[in-house]
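Thanks for coming, everyone. I have one structure to show today, and I'll start with a single pairing before stepping back to the whole chain.

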Amino acid sequence: MKIICVGRNYADHISELNNERPTEPVIFLKPDSSILPNKNPFVIPAFSNDIHHEVEILVKICKVGKHIDAKFAHKYYEEIGLGIDFTARDVQNKLKEKGLPWEKAKAFDHSAVIGKFVSKNDFTSLDNINFELKSNGTTVQEGNTSLMLWKIDELIAYVSQYFTLKIGDIIFTGTPKGVAKVAEGDVLEGFIEGKSMFKIQIR
């Protein structure tokens, strides 16, 4: 399986990092080795002093597809989840300055937290899902899918122009504002509509 990530999909997050607003989705990949095993802590890697949490709504692909029309995209997923795209911000900034790819900052081992998934039918509208991340019991990120620049079906249609989507692939749909550095001893817990989807420790 592959993990397809969307960058700069919330305007307030674009502003907080002083990034340029894109005219089309920003896409990057994480390998399967980036997945943090269940119940394992996230260990801060030695190559970074500035690991940031980025909480994101996830979509799990359930059907093989290529060149999917947005109006049919809803047929390619049944479940919605929540996760974290851990980012080595110091490494990323250096790479961006040189115009280089982000993989070392975004796709390193265990940089992807994948929490529980729930049926998309549990939601009245996929364009109005509340989610949040708490650090040590305090809310640090909160968002709503209505604020996405590109909605889930649009993302599936766009991504499938370039990559064949396969069963089990996961799309990280972008993070809202509030990204921040994690520290050893932190406990991060993610919620969709008040329901806990994951809880991890930082070491």
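**One residue pair, then the chain**

Start with K134, which stands opposite E189 in β12. Keep in mind that this is a predicted model.

Now the strands around that pair. Strand β8 covers residues 130–135. β8 and β12 run antiparallel, paired over five bridges.

What does E189 pair with in β13? Its bridge partner there is K199. β13 spans residues 195–201, and β12 and β13 are also antiparallel, with six bridges. So much for the neighbours.

Next, the turn. The hairpin of β12 and β13 has two residues between the strands. Look at E193 in that hairpin: E193 takes a positive phi, near 50°.

Is β12 mostly covered or mostly open? Mostly covered.

Let's step back. The protein chain has four helices and 13 strands. Its C-alpha trace spans about 45 × 40 × 30 Å along the principal axes. The radius of gyration is 16 Å; a compact globule of 203 residues would have one near 17 Å, so the two agree.

How many of the residues are buried? Of the 203, 50% count as buried. Take the contacts with a separation of 6 or more: 77% of them join residues 24 or more positions apart.

Last, surface and charge. The accessible surface comes to about 9,700 Å², and carbon and sulfur atoms hold 49% of it. The chain has 26 positive and 27 negative charges, and their mean positions are 3 Å apart.

Definitions and conventions: Residues are numbered from 1 along each chain as its sequence is written. This is a predicted model: local features need pLDDT of at least 70, side-chain atom pairs count only at pLDDT 80 or more; totals for chains, interfaces and linings use all residues. Side-chain values use heavy atoms; hydrogens and water are left out. The radius of gyration is taken over C-alpha atoms; the globule rule is 2.2 Å times the number of residues to the power 0.38. Buried means under 20% relative accessible area, exposed over 50%, partly exposed in between (1.4 Å probe, protein chains only). Contact means heavy atoms within 4.5 Å. Accessible areas come from the Shrake-Rupley method with a 1.4 Å probe; for residues, only the protein chains shown count as cover. Lys and Arg count as positive and Asp and Glu as negative; His and the chain ends are not counted. The place of a charge is taken as NZ of Lys, CZ of Arg, CG of Asp or CD of Glu. Two strands pair if DSSP finds at least two bridges between them.
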